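Thanks, everyone. Have the model open while I talk.

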Amino acid sequence: MPRMNLSHFEVTLILALFSSAVLAVVTKKTDKERLHYGLTSFGWFALTVFGLGWLMYLGHR
Amino acid sequence: MSEKLVSPLPELPPVSKWLPAVALAWLVPGGGHFLLKRHYRGAILCGCTVILFLMGMMMRGYLFQPMTGDLLTTIIYVGGYIADMATGILYILARMFGYDAPDVAGHTVDYGTKFIVIAGLFNILAVVDAFEIATGRKD
């Protein structure tokens with residue numbers, strides 16, 4: 001099996017993408033709601049990653 | 001004082017109606033949804049679970065063995081083992097083909113371990129969803 005090395009950033013974004021998709025599918029009733037929830041959820045995940053990333057960067061300067 | 005009205009859940013149908021969907025949902029990620037003719041939802045759940053599991057393996061994630069000891073060890077190892085097993089056929093095949101990455105320190109391996117556990121948690125959500133669809137609690 002090939003080996004895979006991902007950065008922290010890549011891992012968090014992949015996890016955010018899949019988590020958003022699965023949560024949207026199992027928690028919402030219509031396709032429109034699912035799409036909206038999935039995109040919103042992914043956006044919040046990504047925003048949190050950026051926010052915490054900058055916070056840690058500034059905290060360690 | 002206000003009273004909150006809660007609609008009761010519909011009565012549970014016979015086991016034969018929902019058990020095949022639930023069992024298949026555990027064994028094959030998304031399989032329960034395919035059986036219940038929710039094809040595209042099944043495909044999304046299957047894709048997310050399988051891709052995450054394979055990526056976890058490619059990062060040489062550790063497959064948990066049940067281990068007891070202090071409370072934290074028990075929670076992590078038994079919980080991890082249950083979550084790993086929740087991936088169904090993926091776990092069985094990985095074990096059958098001899099996948100046995102060691103539990104070593106390092107961020108890549110650690111992420112891989114978490115990816116495999118999360119794939120199992122996704123499949124648990126898929127199983128619960130398949131159960132709710134099969135019992136008529138959800139469309």
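Start at Arg60(B). Arg60(B) sits in the loop between helix 3 and helix 4 (71-85) of chain B. A word on helices: they are DSSP runs of H or I, at least four residues long, while strands are runs of E of at least two, and both are numbered from the N terminus.

Before going on, some ground rules. This is a predicted model, where local features need pLDDT of at least 70, side-chain atom pairs count only at pLDDT 80 or more, and totals for chains, interfaces and linings use all residues. Residues are numbered from 1 along each chain as its sequence is written, and chains are lettered from A and ligands numbered from 1 in the order in which they are written.

Back to Arg60(B). Its phi is near 60 degrees, a positive value in a residue other than glycine. Most residues other than glycine have a negative phi. Is Arg60(B) exposed, partly exposed or buried? Count C-beta atoms, placed from the backbone: 20 or more others within 10 Å means buried, 12 or fewer means exposed, and in between is partly exposed. Arg60(B) has 19 C-beta neighbours inside 10 Å, so it counts as partly exposed.

Now Lys37(B). Its phi is near 65 degrees, again positive in a residue other than glycine. Lys37(B) lies in the loop between helix 2 (31-35) and helix 3 of chain B. Lys37(B) has 8 other C-beta atoms within 10 Å, so it is exposed.

Chain B has six helices and zero strands. The C-alpha trace spans about 50 × 40 × 25 Å along its principal axes. Of the 139 residues in chain B, 37% are buried.

How do the helices pack? Two packed helices are described by the angle between their axes and the distance between the axes. Axes here are lines fitted to C-alpha atoms, for helices over the stretch in contact, and angles run from 0 to 180 degrees between N-to-C directions. Take helix 3 and helix 6 of chain B. Their axes come within 7 Å and cross at roughly 160 degrees. Helix 3 and helix 6 of chain B are therefore roughly antiparallel; that word covers angles over 145 degrees, with under 35 roughly parallel, 65 to 115 roughly perpendicular and the rest oblique.

Who makes that contact? Two residues are in contact if their C-beta atoms, placed from the backbone, lie within 7 Å. Helix 3 of chain B brings residues including Leu45(B), Leu52(B) and Phe53(B), and helix 6 of chain B brings residues including Phe115(B), Ile116(B) and Phe122(B). Nonpolar means Ala, Val, Leu, Ile, Met, Phe, Trp, Tyr, Cys and Pro; charged means Asp, Glu, Lys and Arg; the others, Gly among them, are polar.

Next pair: helix 1 (residues 15-27) and helix 6 of chain B. They pack at about 160 degrees, with axes 9 Å apart. This contact has 10 nonpolar, one polar and one charged residues.

Last stop, the two chains. Their contact takes 17 residues from chain B and 14 residues from chain A. Helix 3 of chain B gives the most to the chain B side, with eight residues. From chain A, look at helix 1. Its buried residues, among them Phe18(A) and Val22(A), pack against helix 2 (31-59) of chain A together with helix 3 and helix 6 of chain B.
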